[in-house]
Amino acid sequence: MRLPYKLTAQPARFCTQYANGDPAVPQALYTVRSAAPDLSGFPLPLPSRKQDYTCFVQTGDVCWYGATTGLTRYEPNAARKDQIIQFFAAERDLQDNCVLALLADGDAIWVRTETGVTHIETRLVGAEEKARMLLHESQTIVDRWGMYSQKDLAVPRDLSSIFPYGHSDNDGGFTAAFAVGELFRYAVYKREKGPDHPDTIEARRTATRACEACLLLLYIHGRGDGFVARTYMCAEEPVPENGVYFRIHGDKAVCLDTPATRERGSFLKMYGADLKNNVSEGHDVCWAGMEIDASAPIPERLTHCFTESGHTREGIFYKADTSSDEVTLHFLQMRFAHDILGPDDPELDALIRDGASALLRHIISHGYELCDATGEPTTWAKWSERYFSTELGYVDACLNAAEVLSYHKMVMHITGERGEWQESYDYLLSRGYAELTTKHFDRMQQMALLDGVHPYEDIMYGDHMLAVVSFWMLCTLETDPVLLEKYRQGFRSWRSSLEREYDPGYDIPYALATGDDIDMDRMAQWLYRMNISRLAGGVSTMKRHDTPVHLRPGGYKEISWLLPNDERFISKYDRNPFEYKDVDSGGLFCVESCYIYTYAYWMGRYYGFFE
Amino acid sequence: MSNQIHLIGNAHLDPIWLWRWQEGCGEVLQTFRAAIDRLKEFDGFIFTCSSAAYYEWVEQIDPDLFSEIRDMIKIGRWVPVGGWWVQPDCNMPSGESFARHALYSQLYYYKKFGRICKTGYNVDSFGHCGNLPQLLSLGGMRTYVMMRPGMHENPDIPENLFWWDGVDGSRVLTYRIKDSYGHTGTEDLDRTIDALNAMLPEKQHDLMLFCGVGNHGGGPTRGDLGHLARRMEEKSEETLRFSSPDTFFETVCGELLDVPSYRGELQHHASGCYSATSLVKQLNRRAENRLAAAEAWDAVAAAVCGSAPSAAALKEAWKDVCFNQFHDILCGCSIMEAYEDVKNSIGHAVTIADRTENAAQLRIASRINTWLDGINEPVTLLRHHCHKEDFPRPVVVFNPHAFPVRYPVRTNYPSKAVTDAAGRAVPFQNVRSSRSNDSHLDTLFLADLPALGYALYWLSWLPDDEVTETCFLPASEDCASDLRAGETFLENEHIRVQFDRNTGTICSLVTKADGYDFAAGNRLAAPTVLDDHTTDTWAHGVFRFETVKGEMELESIALAEYGPARAVMRVKHRYGDSHLTQDFILTSDAKMLRVKCKAVWQEPFTMLKAAFPLNGTDTVNTYEIPGAFIKRPTNGEEEPMLGWADLTLTGTDGARHGIAVLNDGKYSCDCPDSTLRPTLLRNVIFADHYSYRPAADFNYTDEGLHRFEYAILPHAGEAESTDVAREAAVFNRRPNAVPVGYRKGDLPPVQSFLSVTEPNIVVTAFKKCEDGSGDLILRAYEAAGRNTGRVGFVCDLADAGFWADFRAHEVKTFRIGREGYVTETDFLEGIIQ
């Protein structure tokens, strides 16, 4: 019996930036004189070199040491080990790293650096309160017709410079994960506060809206064949260069001419695809201008996602070449939407059943591949033996086998039917897919050996989420003990790379699926040290004096310890947190979705890991 | 293309075994010459050879031959494998030794041949510890070739190709040679090729066949190669190809590879090897620890005093140690004459270590401010001067560990009082020295030492007229002690030990924190003699030693010392013509009972064990292995161990309790059911191979005088939850006291140069980088088997302080560069990019 870990309110960073000369800044900050601290014999590693510290100030039991390379907070009696030494740096916490003066302000401090002034306060924030703060930010800034991935900025950290449009390549996947977090929140509130509590009602509304945004991607293209779009944009938005897009005009959709479209055609040709029958006349390799059917209707229930902002379907352009990432996360979202919203929302549940069935039927009927309008498989959504026998597919096979098997289990769960799904599942089992799910670690090692790199260099961090979802679903939906053991074995083969991250979003499903122990305290730390904002900050993992850099044999650089979330770059569930780099994963010019936190936190609450 | 058999031409070379090293060296030269000749005679033939030590011999003695080898390596006809100095025993060297094997060898290969070895290669070594995958990988090798144990000895290990997973999760693709590394002769080769051909369809991957006369060198003969070449040509056998292990592994990795995995250690082949010939084992442990300590102090002195580091001498010493870890040497199964050479060779290494450490510590000590007002001569070590002037004499105690240590320090001459640098009284007592003239007493005091640093103590001279013949000095009021002792018991704050006055064994051992009695009806530390005449030096075919001849008989038991710092119970036993004296030493505030042994052993074909029978169920054995620990079943099999072995069980009170037995140079232990039995001595005939024993006046591996120590650490909970790793580290690498003069120095009386924040992280090396850059190398491993985040290292010496995460059992190496910036690297210290 696992007892819930009691999360408590923990210090969070509230940093307010001021320009030099701002009347709110106390004059004393400009005149204060402070000697360099004597740090000889200091018992712990410090983020800056000792000779770089130039000033210090004490606030209660806390010492603040200013350096030419950042600000260090030292609380020798802090309740948690990770809070004893904390580092504050540009651009998330400070305006630059050259600290010139410090001035105490009760338990807070004023920090003057070369280019400005920062007021830093550490306030106690509960884990749920943090989820609320992050959600509020995402709803206010990141939400794009119900989709949650990120919004771009023209000027780093300047929210007034936000672009009204913008998308992420994985809008669908990120939104699905966001939706799952919100579904868990709704379920927790419903359980704890009752269905009529305002918080419960609001949570249900948010979860429903996110699920509808996801479901819309199954219909927005009008293909009517179960395909799922990566994302979509409305008519007036500029067409990005980084994808294959189709613009809807009436009952047709036309492929837009982008560099990616041209590359995509070349890519397929390079791999021997016969494109002659799949392109419009006059377009040999490039699909630009290709016209396809888009007549399938969008369910009325879902159109509000774009109509509420005054848009219509006409002119909308959607992004094709969908990858297995989206497909996997859409199925996860549909599974929990069915479980949590379905009983009280039959209309939505019917859409989920239909959508999930259509998507899986598409995959099965196309030989376990997701196909674009050309009839050719998308670049990364292939679960076929044909793909597994290629060089790329050999490595992907173990994860992709788990993915496609999990789709079957989820659809059987959602529809309550076995029939064609069980038949297809059995076929995959007969082709050795279950065994294949156990080979991930072997093949990763084999490829690393062949390439002369460390296995860690070959980790695709974006695969972690997909593996977790697939094995979590397989292990919790499969009842056959032999298969279950294989799936657990498969999940365990991912453990050595998963456990590097100490991410509750991974570890909770792992514990649920395998029954193995996980480090609850490290998970709590992950939550405690999450920033209160997803505004990119350009925090560097480089040049910290207390952080060794590890050059791997293949040339990849990592840092030697997992920096707390609030001291490293912001990322989604797709980046190596050990990466030796100096910008956030989405670049400096963005605000990211809150889902990385809300998904993990509410999952922990839902399953009783946290209280 | 169908799967193939890779013909690996090689020559197994034992530099010492049934011959001395001089003959082994000649054998290497002849074999290498023959190999070059064969390479010239047979196109396509490829020669594979391990062991950097052999290449260095050839380079030094026959540069022309070396040049030819280098040319052959350049064109891929000669393939060096096994980036270690020799093919060592793979159970007994420390984790740090394995790091040095890789460091010195791979750097040598890189310097001489422009490449490092990718394949680990220990085809004759008798067992392979569970941490070897990590130790190989960190040395640049992620593929491995081994042979023992064979299928007949351990069929659980997959046949030929498999993924081998170490205790930390590291993995190497491993090939287990079938039958022999030295197939030769037409008949043997044909038979083996046919057998492997028959296996190919089932295995679905390539296989290797190792051919060439071995042990005393030789390599593939002209006849063998001619036969193989003809067979390939005449029979058009596409399945055969001359190859190397490197090519084999590249080939199998380029194909669909579906092979089994195996987790843990690869044991057992020769269970007697971990106890035969105590001499080499004790010397090995001593050299490993003294060298590591010497390097640390050398690095500190270079930074603090600006002295030139002794890197070249230390490297030579380590190479001596690595050479003598060759499996037939360290396993104690070579001829008697060889061990005279071994003694000299390791002695040479230890001497270098001691000289280096001494010079470094004196340099550092000379910078410490020890000046006392009133001293009229700046430097004096004359105790009579101190005595006359009533000045205390300064002693600096150096702690080589990166964690604080409380340690009983022994220095020459008796004292009236001991104080620390702050003037606080320190528990001490005057104890009998080994000398019989002069004062015949030494001072023993409990020093509190900072992490990898030193502390200054002041010892007040005990006037001659106050020296008494008794060592029973009561505690002063200033330093009241927790020690109690009587005729048959010892006791301190943590444990109480009661001895049986009839047998001299421990009849009660109680941990005071929980009141648990580990003996309770049993007798612990019972010196037990076993029969060992049916097997050979290796103990081929024998995996359990079960025939007890009897227990040693008690001759006497007496309380030998009792003071505020320690109490000593001296117990003497006898068996036949053999004698064992054990001093059971309990120090104030210690959780561990130290046992200092002197044995005079005369019993042929015997094994001496100390037996610790415990009461309880759910027994688990835990053993230290190189750079880690491993759990083993309590099935009575003789097992290799390093610094400690542990038996933990559910005791009579329903809670988990255990006893760890630490040692300073023993490597073998068994545990039938719930009795832990470290092996203290094994006295069998030298190099007795399969017990073919034409009559002779035999010499035995352990006859004569032995001085060694072990220690008993009772504990609650599992072994890995205790301090056993640190205790064993201190037990083997001991603080050192240096008497100094009076100087006006600039160093404080207490100073730490390196510390680590977490108790389960053990630093094994702190040294200068081998590239002469002046950078420092720090290596540490996780000792409790649990992932440990945010481990802090503070090294003011280099203005460095950094954090690192450790996986369970992970070994990490850091390079501290200019201005204290740190890179994480591996055993090759970041020198080869």
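These questions and answers look at how the labels used for this predicted model follow from their definitions.

Local features are taken at pLDDT of at least 70 and side-chain atom pairs at pLDDT 80 or more, while totals for chains, interfaces and linings use all residues. Residues are numbered from 1 along each chain as its sequence is written, and chains are lettered from A and ligands numbered from 1 in the order in which they are written.

Q: What makes a residue buried, and what percentage of chain B is buried?
A: A buried residue has 20 or more other C-beta atoms within 10 Å of its own; with 12 or fewer it is exposed, and in between partly exposed, with C-beta atoms placed from the backbone. Buried residues make up 58% of the 833 in chain B.

Q: What makes strand β26 of chain B mostly covered?
A: Of its 10 residues (578-587), 7 are buried. Strands here are DSSP runs of E with at least two residues, helices are runs of H or I with at least four, and both are numbered from the N terminus. Chain B has 14 helices and 45 strands in this count.

Q: How do you know that β26(B) pairs with β25(B) and with β27(B)?
A: Two strands pair if DSSP finds at least two bridges between them. β25 (566-575) is joined to β26(B) by 10 bridges, and β27 (593-601) by 8, so both meet the definition. Both pairs run antiparallel. B:Val568 stands opposite B:Ile585, and B:His579 stands opposite B:Val600. The β25-β26 hairpin has 2 residues between its strands, with B:Gly576 in the turn at a positive phi of about 55°. In the β26-β27 hairpin there are 5 residues between the strands, and B:Asp589 in the turn has a positive phi of about 70°.

Q: How do you know which strands pair across the two chains?
A: Strand β17 (549-551) of chain A and β45(B) are joined by 2 bridges and run parallel. The cut-off is at least two, so they count as a pair. A:His550 has B:Glu824 as its bridge partner.

Q: What makes residues of chains A and B count as touching, and how many do so?
A: Contact requires C-beta atoms, placed from the backbone, within 7 Å. By that test, 29 residues of chain B are in contact with 27 of chain A. β7, β42, β43 and β45 of chain B each supply at least two residues to that side of chain B.

Q: How do you know that domains 2 and 4 of chain B touch?
A: Domain bounds come from an automatic or database assignment, which gives domain 2 as 276-367 and domain 4 as 484-732. Between these domains, 13 residues of domain 2 are in contact with 17 of domain 4. Helix α9 (278-305) provides the largest share of the domain 2 side, 6 residues. The C-alpha centres of the two domains lie 27 Å apart.

Note on methods:
Contact = placed C-beta atoms within 7 Å.
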